[in-house]
Amino acid sequence: GGMNIEQFDERQKAIRNKIMTKAFALAIILLCGAIILNECKVIEIGKTVSFTDYGFITFFILILYVTLSLIWKDAYVGIVNAASIKIALYGFSVLSILDIDLFIKHRMEQAPIDYVVLAGTITMIAITISLWLKKKDWDN
């Protein structure tokens, strides 16, 4: 049944394209949101959050959205094989732990919250949890 794999790949491609399109739309919304919030003085980009930081945070939100959508819609597996999923799983787990560790250290030192580190940490944790939750589906 080589036919099924073909269909599966097509289905995954369709899902991936849809997700990428949505992510692009989301990026535009987030950037427009920044401009609106800035105009309304809700957050002052440059003061509260620097523009670079906002850019990074937007980037993390997008990575998070794309990765989680791919993982949950089973379109992630088509890109990678079992071995690299295991590497991703442990890699993301380690990064999450390091990120949490860094975040706690900063909190202990009463350093101001670094929103980029925070966004990165949340991204890592969410991807890690999703990979672990989906692991059982891939193991069989």
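Mentor: A helix is a DSSP run of H or I with at least four residues, and a strand is a run of E with at least two; both are numbered from the N terminus. This is a predicted model, in which local features need pLDDT of at least 70, side-chain atom pairs count only at pLDDT 80 or more, and totals for chains, interfaces and linings use all residues. Residues are numbered from 1 along each chain as its sequence is written, while side-chain values use heavy atoms, with hydrogens and water left out.

Trainee: How many helices and strands does the chain have?

Mentor: There are 4 helices and 0 strands. From the N terminus on, the order is α-α-α-α. One of the helices is H4, residues 115–139, where Leu133 has its place.

Trainee: Why is Leu133 called partly exposed?

Mentor: Buried means under 20% relative accessible area, exposed means over 50%, and partly exposed is what falls in between (1.4 Å probe, protein chains only). Leu133 has 41% relative accessibility, so it counts as partly exposed.

Trainee: What makes Ala119 buried?

Mentor: Ala119 is also placed in H4. Its relative accessible area is 13%, and therefore it counts as buried. Among its contacts (heavy atoms within 4.5 Å), leaving out residues up to four places away in sequence, are Ile57 and Phe60. Both Ile57 and Phe60 are listed with the buried residues of helix H2.

Trainee: What makes Trp72, Ile129 and Leu133 a patch?

Mentor: Patch residues have over 30% relative accessible area and no salt bridge; nonpolar side chains (Val, Leu, Ile, Met, Phe, Trp, Tyr) are joined within 5 Å, like charges within 9 Å. Trp72, Ile129 and Leu133 form a nonpolar patch on the surface. Together they have about 300 Å² of accessible area, by the Shrake-Rupley method with a 1.4 Å probe, where only the protein chains shown count as cover for residues.

Trainee: Why is the pair of Tyr90 and Trp132 called edge-to-face?

Mentor: A pair of aromatic rings is described by the distance of the centres and the angle of the planes. Rings of Phe, Tyr and Trp (its six-membered ring) pair if their centres lie within 6.5 Å; planes under 30 degrees apart are stacked, over 60 edge-to-face, and the rest tilted. The count by this rule is 1 aromatic pair. The centres of Tyr90 and Trp132 are 5.7 Å apart and the planes stand at 70 degrees, so the pair is edge-to-face. Tyr90 is in helix H3 (residues 82–108) and Trp132 in H4, so the pair ties together parts 42 residues apart in sequence.

Trainee: Why does a gap of three or four places matter in an α-helix?

Mentor: An α-helix has 3.6 residues a turn, so residues three or four places apart point the same way.

Trainee: How do you know what span to expect for helix H2?

Mentor: The expected span is 1.5 Å times one less than the number of residues. H2 (residues 51–72) has 22 residues and reaches 31 Å from first C-alpha to last, close to the expected 32 Å.

Conventions
Salt bridge = Lys/Arg side-chain N within 4 Å of Asp/Glu carboxyl O.
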